Structures are given as structure tokens and as C-alpha cells.
There are 2 protein chains.
Amino acid sequence: MKDIYSDEYFMRMAFQEAMNAYEEDEIPVGAVIVSNNRIIARAHNLTETLTDVTAHAELQAITAAADFLGGKYLKNCTLYVTLEPCNMCAGALYWSQIDRIVFGAEDLHRGYRKFNTPLHPQTEVSYGIMAEESSNLIQEFFKNKRR
Amino acid sequence: MKDIYSDEYFMRMAFQEAMNAYEEDEIPVGAVIVSNNRIIARAHNLTETLTDVTAHAELQAITAAADFLGGKYLKNCTLYVTLEPCNMCAGALYWSQIDRIVFGAEDLHRGYRKFNTPLHPQTEVSYGIMAEESSNLIQEFFKNKRR
């Protein structure tokens, strides 16, 4: 039997969070953090709603996951996020010592890889799952904004 | 008459926040954000108390200042912080478009300059005020930890 708790499964959950952001007129980026096949944090970008540039999906998810775990470090956790993290979020992920990051779409302008911003040496990264849907959703958001 | 609202004056306020962190058994880093010679946010590192790696003084100060101003962007604001910001905080400061950053001690290991992490092109930076006191306080904190 195929494991239902695949990366695709959890990225769909992150994408659902991005859809929630879209419906709230926020730049549509969503994230979940998973520990032992259990979602322990869900978040989406809320920078407009909270009037706070730090309210990216990843930062909120890190805070919520640490709260759930009762510890600062996200060992044995995986972050699923629809867009490549920015420098701020990569810096936070560095401090969290998270095990694994799976992101959807690449962000060639503001993504952390452009700047070679380091993650924790223990952190594994993969990307590309639901990249097209995640990228299209963001493009659609900005197209509507320009109208 | 000398302007009493000097960089030294506001850095002393940030240092007082670092002292508050020290007394709470937190890595002693403090920050204030100033707009028109008025302190609109004060914060100190609370990563242990809040069990949250994102609870650096700078991030909390950015959130509090934006809340005070009712807008996300910290134009015409200066951040005073006792230690050079890390990548996470530099990334947040980038998004905030803050006018000016004054930091005390350099952080050659974890500071954003080591990684060439960009700030906003509009942001001016200076450093060195109360650098020795700020650095000594952190060293004293870790010396006590090792005891």
C-alpha cells in the first residue's frame, strides 16, 4: 500500500493554506509543519491583516510548531511551504534547526538561495512539488491587484 | 545646546532593554525603534521565555513599531540594537524598509554582514556605539552559563 502521508499530501495542505490567504486578499503563500506524519502547525501569509512584515507563513508556522512541541527546536519536523522562503524565513529556519524543508515554487528574486543565505547544516531541502499551481496562484493574485 | 536625543541616548535605552533580558536569563540583546525622537517600540530577546527562535529583540520591535504606526513600513524610523542583526532580523528589516539602523557590537559569526544579506537599498547603517558594553554583557551572560 502506498503511504498516504506523502510529501504531495502535505504540500496539498500547505496549498490549501495559500488558498486561504488568497481569499483574504493576502499574497498567497501557505505552510504546514509536520512531525511524525502529524500536522502540528498551519499558517498562511498575514502581512496585510496583521500590518506586520514579519507575518510570513513560515514564521508563524515556526512559532506555532514550537508552541505545540514545548521546545524551541524543530528536530524531526518538516516544513512544507508553497514558495521558496525569503532571507528572513531562511534565517528563522536556521535558528529552528528544522530537519527538512520542502518548498513548492522557486522564488528567483527574493528566495534565500539567490543570496546563499545558510540554513542549518542538518537541514535537508527539496522543492518542486505543486510548483506550478503555487506559482500560478501568486501570479493570479498580482494580476488581480493590477486590474 | 547639544541635542539630547542623540544616537548615544537611544542606544542607552536599547542597552537598558539588553539589561532586562540579562536579568530574565535571556541572551542579552535589546532594541528600540525611534520615530521623530520618540521611542515607539522597546524590546529584548525573549527566545527562552517564549520558547520561540523568532523572538529576537529586532523582530518584536518591528512588530510593535508597525502596530504603533498602523502601517507595515518603518519609514522615518531608526532601529537601535545592541548587537549586529542576524540574517533573520536583517531579512525582516529589509521588508520593513526602515530608514536607519544603528547597532552596537559587531557579530562576526552570526551577523548579517558576514553573509552579505541585503538590507533595503534605502536603509542607512552605522555601528559601534556602546559596542564594548554590549559585547561584554553577552560575554558575561555566556560565562555565567558555563559555570
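Where is B:N36 placed in chain B? The close-up views below take up this residue and several other sites of a predicted model, in which local features need pLDDT of at least 70, side-chain atom pairs count only at pLDDT 80 or more, and totals for chains, interfaces and linings use all residues; side-chain values use heavy atoms, with hydrogens and water left out. Residues are numbered from 1 along each chain as its sequence is written, while chains are lettered from A and ligands numbered from 1 in the order in which they are written.

**View 1. The loop residue B:N36.** B:N36 lies in the loop between β1 (30–35) and β2 (38–44) of chain B. Strands (E, at least two residues) and helices (H or I, at least four residues) are DSSP runs, numbered from the N terminus. Phi of B:N36 is near 50 degrees, a positive value in a residue other than glycine. With 71% relative accessibility, B:N36 counts as exposed; exposed means over 50% relative accessible area, buried under 20%, and partly exposed in between (1.4 Å probe, protein chains only).

**View 2. The loop residue A:N116.** A:N116 belongs to the loop between β4 (100–105) and β5 (124–127) of chain A. Although A:N116 is not a glycine, its phi is positive, at about 55 degrees. The residue A:N116 is exposed, and its relative accessible area is 64%.

**View 3. The annotated residue A:E58.** An unreviewed UniProt entry lists A:E58 under "active site". UniProt positions are given in the numbering used here, feature names are shortened, and annotations may be inferred rather than shown by experiment. A:E58 sits in helix α2 (residues 57–69) of chain A and is buried, with a relative accessible area of 4%. Leaving aside residues up to four places away in sequence, A:E58 touches A:A31, A:L79, A:V81, A:L83, A:P85, A:C86 and A:C89; contact means heavy atoms within 4.5 Å.

View 4. In chain B, five strands form an open sheet of mixed pairing, in the order β2-β1-β3-β4-β5. Two strands pair if DSSP finds at least two bridges between them. At the edges stand β2 and β5 (124–127) of chain B, each with a single partner strand, so one side of each has no neighbour in the sheet. The antiparallel strands β1(B) and β2(B) are joined by six bridges; B:V32 has B:R42 in β2(B) as its bridge partner. Helix α2 (residues 57–69) of chain B packs on the sheet, touching β1, β2 and β3 (77–83) of chain B, and its direction makes about 145 degrees with that of β2(B). Helix α4 (residues 131–146) of chain B also packs on the sheet; this helix touches β3 and β4 (100–105) of chain B and its direction makes about 60 degrees with that of β4(B). Axes are lines fitted to C-alpha atoms, for helices over the stretch in contact, and angles run from 0 to 180 degrees between N-to-C directions.

**View 5. The interface of chains A and B.** Contacts link 27 residues of chain B with 27 residues of chain A. About 2300 Å² is buried between the two chains, and carbon and sulfur atoms give 68% of this area. Buried area is the accessible area (1.4 Å probe) that two parts lose on being put together, summed over both. B:V53, B:K72 and B:W95 supply 30% of the area that chain B buries against chain A, more than any other three residues.
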